[in-house]
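User: I am new to this structure and would like to know what lies behind the labels used for it. Please go through them with me.

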Amino acid sequence: NRLRHVDSMASLPSGAGSIRELNAVILGESLASEENHLVFPSDDFSRQALISSPQQYLEMYKRSIEDPSGFWSDIASNFYWKKKWDQNLIYSENLDVTKGDVSIQWFKGGITNICYNCLDANIESGNGDKIALYWQGNEPHVDGSLTYTQLLHRVCQLANFLKDNGVQKGDTVIIYLPMIMELPITMLACARIGAVHSVVFAGYSAESLHQRVMDCKPKIMITCNAVMRGKKTIDLKNIVDAALLESSQNGITVGLCLTFENESAMKKEATKWEKGRDIWWQDVVPKCSTICDVEWVDAEDPLFLLYTSGSTGKPKGVLHTTGGYMIYTATTFKYAFDYKDSDIYWCTADCGWITGHSYVTYGPLLNGATVVLYEGVPNYPDSGRCWEIVDKYKVTIFYTAPTLYVTRYSRKSLRILGSVGEPINPSAWRWFFNVVGDSRCPISDTWWQTETGGFMITPLPGAWPQKPGSATFPFFGVQPVIVDEKGNEIDGECSGYLCVKSSWPGAFRTLYGDHERYETTYFKAFPGYYFSGDGCSRDKDGYHWLTGRVDDVINVSGHRIGTAEVESALVSHPQCAEAAVVGVEHEVKGQGIYAFITLVEGVPYSEDLRKSLVLVVRSQIGAFAAPDKIHWAPSLPKTRSGKIMRRILRKIASRQLEELGDTSTLADPGVVDQLIALADS
Ligand code: PRX
């Protein structure tokens, strides 16, 4: 029963054989239904792949479920441990709230350090002169690179500075940096000394940054003065100043703000400065020693906090620990991208999101990979920028969100494409496959979340045929189940709520400072399972198809935004009385933000007011959360007990007016007609 998908998969044809003929059928003719479109890896690809047939996967998958200790300890033995974990206790877990506190532990008692495994271990095995990071600046002619040895030296210098300034094991450091090399350097420096990093995406507003400061009370803030995004200069230091001022007025004072001078964006002289608190990175860090001893930590010691949106207003501090996360990100990276030493890897995600933690920084560096970092935006100076970067660095593995453009570049170097963050529809999949990958590169459509640490359902590119738009099968050790509203597992072809039975090494361990919210959000709805918040269906061959969030979370260009966060920003506007936000389909962004707003009595709706409502969201959360549409609602559809009926609002927002359903339970059914009448005004 636990290996259900595996049974159905066993009937699939294996990687090689009649593949070429099948390929022709698949790519040329259209078959009866979308689900039957199998796209096979080429014979050549499969032959060289780490996992090259369904059978090989099945064997490994079976072992990972039936003997997790054996499976994961074999893998973990390839990493450096100062002291090995207790063999009998490779993991312990309770996912069932009805049986006590939810807890997950992996490799407990094992002593290690993830920075050591990323850098020192690779250098010791002879890779010191290999390029670890290629950095591409916003302007095409601005770039740089660091070998593994150079990266280690930079990391050690900062680690020494942090230690000299009182940062100790367990202390929190907030990092508010754009995609410059100092961002992964800072993450690794924290990890080296056992400090807990919390990267805040440098597109978040001062208000959001302040909230995070209040929650995790960092010992130090690390930022830079400014960044160029396309032609725009963004003064990051001003944002940090405002956040720290507000925090100190609320009782949390951060005594040190280490600021990198990002010279190409803004000169030192133009940067506002608070004497006594602010220090220029370039004045102090390069003077520190390039040797820094590692702080050895327990596998279950925290590595980082990363805030993400939930269905209520307050951001959640997702906490990941060291050992399990290390093994899991390294292993998922290796297999899902069929990683080879000769690969050049580029992931377009920002380190401010989980993808940048697991698959820009830790996963690739643990494998000794060469990683490309890009500071800018995909369409500057023009929409061919990504492909120009691919060609410049001869990128072989390209991992991105399904929202990009293609033009004149050759892209010959590409070998594998990855996709993440939102459901990719079959036609986008085909475009990515046929146009970007020249029908040559398998696509790894990876489903996972901030909470899961690493890939959960993902193609292993040489192992089995793909279906455009399906994330396919679970990674080793992952047992996805689909449940109905009552929490019953459903078999075979079905759709429902996507849960996971049993823990996996990369799982998050708690929400920082709020274990109760952790249990309520993820483990209460379906006791015994981790509930992802996503809907999913499984077809007759066992392929998984993600259908999007089933809670009040919107996914805009792969960025997760809680409707409640946007609503609370809107109602902070003095003229906004009430707001209800829903997600709507958006051609480019996947989902767009659609806000219904009721104004304070007597205030007329106007274009200026619309602009200032959008502005309030930009300044409270960040530009990426700005509503795409403001819909003036003299009143909102509510039940007699006063609950806003979002189901109806979603239908109005997407103009599916014939599907409004039963409106008779509304306190005032007339509201609906009024809203429809105002829809395009
Ligand atoms: O709804 C799913 C969607 O992104 C959510 C997780 O967002 P976040 O924690 O910000 O992490 C994004 C990067 C992992 C999920 O709950 N999602 C992620 N990957 C996919 C996806 N939806 C469909 N297909 C995917 N491959």
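User: Where is Arg655 found?

Analyst: This is a predicted model. In it, Arg655 is found in the loop between α20 (646-653) and α21 (670-678). Arg655 has a positive phi of about 60 degrees, although it is not a glycine.

User: What makes Lys217 partly exposed?

Analyst: A residue is buried with 20 or more such neighbours and exposed with 12 or fewer, and partly exposed in between. Lys217 has 16 other C-beta atoms within 10 Å, and therefore it is partly exposed. The loop that holds Lys217 runs between α10 (206-216) and β8 (220-224). Its phi is positive, about 45 degrees, although Lys217 is not a glycine. Most residues other than glycine have a negative phi.

User: Why is Val566 called buried?

Analyst: The threshold for buried is 20 or more other C-beta atoms within 10 Å. Val566 has 26 C-beta neighbours inside 10 Å, so it counts as buried. Val566 lies in helix α18 (residues 563-571). Leaving out residues up to four places away in sequence, Val566 touches Ile561, Val581, Ile593, Ala595, Val617, Ile621, Ala625 and Pro627.

User: Which residues have the most contacts inside the largest nonpolar core?

Analyst: They are Val155, Tyr176, Val372, Leu373, Cys499, Val566 and Ala595, in a core of 207 residues. Helix α8 (residues 148-164) gives the most to this core, with nine residues. As for Leu373, its contacts beyond four places in sequence are Leu133, Tyr134, Trp135, Gln136, Met179, Met181 and Val360. In soluble globular proteins, nonpolar side chains tend to be buried together.

User: How do you know that helix α9 is mostly covered?

Analyst: Eleven of the eleven residues of α9 (residues 182-192) are buried. Among them are Glu182, Leu183, Ile185 and Arg192. Just after α9, Gly194 takes a positive phi of about 80 degrees.

User: What joins Tyr380 and Pro381?

Analyst: A cis peptide bond joins them, with omega about -5 degrees. Most peptide bonds are trans. Pro381 is in the loop between β17 (370-374) and α15 (385-393).

User: Why does the radius of gyration agree with a compact globule?

Analyst: For 681 residues, a compact globule would have a radius near 26 Å; the protein has 25 Å, so the value agrees. The C-alpha trace spans about 70 × 70 × 60 Å along its principal axes. Of the 681 residues, 52% count as buried.

User: Which residues are closest to the ligand?

Analyst: The closest are Pro423, Gln449, Thr450, Leu546 and Arg560, among 24 residues that surround the ligand. Elements giving two or more residues to this shell are α14 (354-366), β20 (443-446), β24 (529-538) and β25 (544-549). By class, the shell has eight nonpolar, eleven polar and five charged residues.

How values were computed:
Residues are numbered from 1 along each chain as its sequence is written. A residue is near a molecule or strand if its C-beta atom, placed from the backbone, lies within 6 Å of it. Helices (H or I, at least four residues) and strands (E, at least two) are DSSP runs, numbered from the N terminus. Ala, Val, Leu, Ile, Met, Phe, Trp, Tyr, Cys and Pro count as nonpolar, Asp, Glu, Lys and Arg as charged, and the others, Gly among them, as polar. A nonpolar core is a set of buried Ala, Val, Leu, Ile, Met, Phe, Trp, Tyr and Cys residues joined through C-beta atoms within 7 Å. Two residues are in contact if their C-beta atoms, placed from the backbone, lie within 7 Å. The radius of gyration is taken over C-alpha atoms; the globule rule is 2.2 Å times the number of residues to the power 0.38.
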